[in-house]
Amino acid sequence: MQNSTAPTSAQSQDLLERIRQCYHQPFLDLVFQAQDIQRRFHPRNELQLCTLANIKSGNCPEDCSYCPQSARYNTGIETWELPSLEEIREQAQEAKANGSTRFCMGAAWRTPPHQKAFDHVVDMVKTVVDEGMEACVTLGMINAEQAKALKEAGLKAYNHNIDTSPNFYPEVISTRTIQDRFDTLKNVANAGIDVCCGGILGMGETLEHRLEFIKTLCELDHPPESVPVNCLVPVEGTPLANQAPVDSFDLVRTIATVRIFLPEAKVRLSAGRLSMNDETQALCFMAGANSIFTGEKLLTTDNPGMNRDRDLLEKLGLKPQAMA
């Protein structure tokens, strides 16, 4: 199980049924309920802007079906190793100047490959913190000692997505189990680091799988501080290259349901925004999304640039959230 105080089967089924009923209520009622909760727990008309830096690209040994960084797929992406601390400092400064308060760093690893690489990431975290920003990393699986070292360096949050329902997970990934993911989340939370954990819509899962995914997030010992909701960006060369896009109303319903059942979490509208029009994004914000990733890229896939995001925020009267 993912935690030491797992709910009983009856409790778990009751939670799933409540999530199901919430999701299926009339659309406007659902969005209204989600917005009401958003206003009770979060500042009005504010979005947290985050920046995601790809600090080690490609050649990952995992077989995640959605990921162009897997060494198992021929996707033609650029590959590189860890950048210098000065490069990270410059990227963090630029992100801060553009309104981001959280700087996230992602490495295409199954787990940190050796101590020298991990120590360099620890120094990167310190560099970002020195710039007055929240630091977040995603490095694959980490143990308790590594989590403690990251916490001591000032890490605010660790991103480790469960991706989907435990029942659908084996259809997407075979090289790492869902329990492996739960174990890393436990190490992160026990170290006092905020858990950032979400998933991806549009990988071929059913609606029931999406509801089970939300239930699983709710049942974690340490509910996530933030929940990235990604829409699959199909990449040529990956097994999921030909998946159909996620229906906009399904996306909004999912975000609203996450907001209702995880009221205190930041809900991050993440990958896939480039294919969304302004109206869809506005509905997502109305339904409870209160954070986005800015910049031209999200790791290896395209993302709306700062100019488009500034225009959208201005249209909607939204302000970038300041540092707490």
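Student: Which residues touch the most other members in the largest nonpolar core?

Tutor: This is a predicted model, and its largest nonpolar core holds 89 residues. In soluble globular proteins, nonpolar side chains tend to be buried together. Apart from this core lies another one of six residues, with C50, L52, C104 and F293 among them. Within the largest core, the residues that touch the most other members are Y66, L139, L150 and L251.

Student: Leaving aside neighbours within four places in sequence, with which residues is L139 in contact?

Tutor: L139 belongs to the largest nonpolar core, where it is listed with Y66, L150 and L251. Once neighbours within four places in sequence are left aside, the residues in contact with L139 are I55, A107, W109, R110, T111, P112, F118, V121, L150 and Y158.

Student: Is the aromatic pair of F27 and F249 stacked or edge-to-face?

Tutor: A pair of aromatic rings is described by the distance of the centres and the angle of the planes. The structure holds one aromatic pair, and the ring centres of F27 and F249 lie 5.2 Å apart. Planes over 60 degrees apart count as edge-to-face, and because these planes stand at 85°, the pair is edge-to-face.

Student: How many residues apart in sequence are the parts that this pair ties together?

Tutor: F27 lies in helix α2, residues 27-41, whereas F249 lies in helix α8, residues 248-261. The pair therefore ties together parts whose separation in sequence is 222 residues.

Notes:
Residues numbered from 1 in each chain as written. Predicted model: local features only at pLDDT ≥ 70, side-chain atom pairs only at ≥ 80, totals over all residues. Heavy atoms only, no water. Core = buried A, V, L, I, M, F, W, Y, C linked by side-chain atoms within 4.5 Å. Buried < 20%, exposed > 50% of the residue type's maximum accessible area, 1.4 Å probe, protein only. Contact = heavy atoms within 4.5 Å. Phe/Tyr/Trp six-rings, centres within 6.5 Å; stacked < 30°, edge-to-face > 60°. Helix = DSSP H or I, 4+ residues; strand = E, 2+ residues; numbered from the N terminus.
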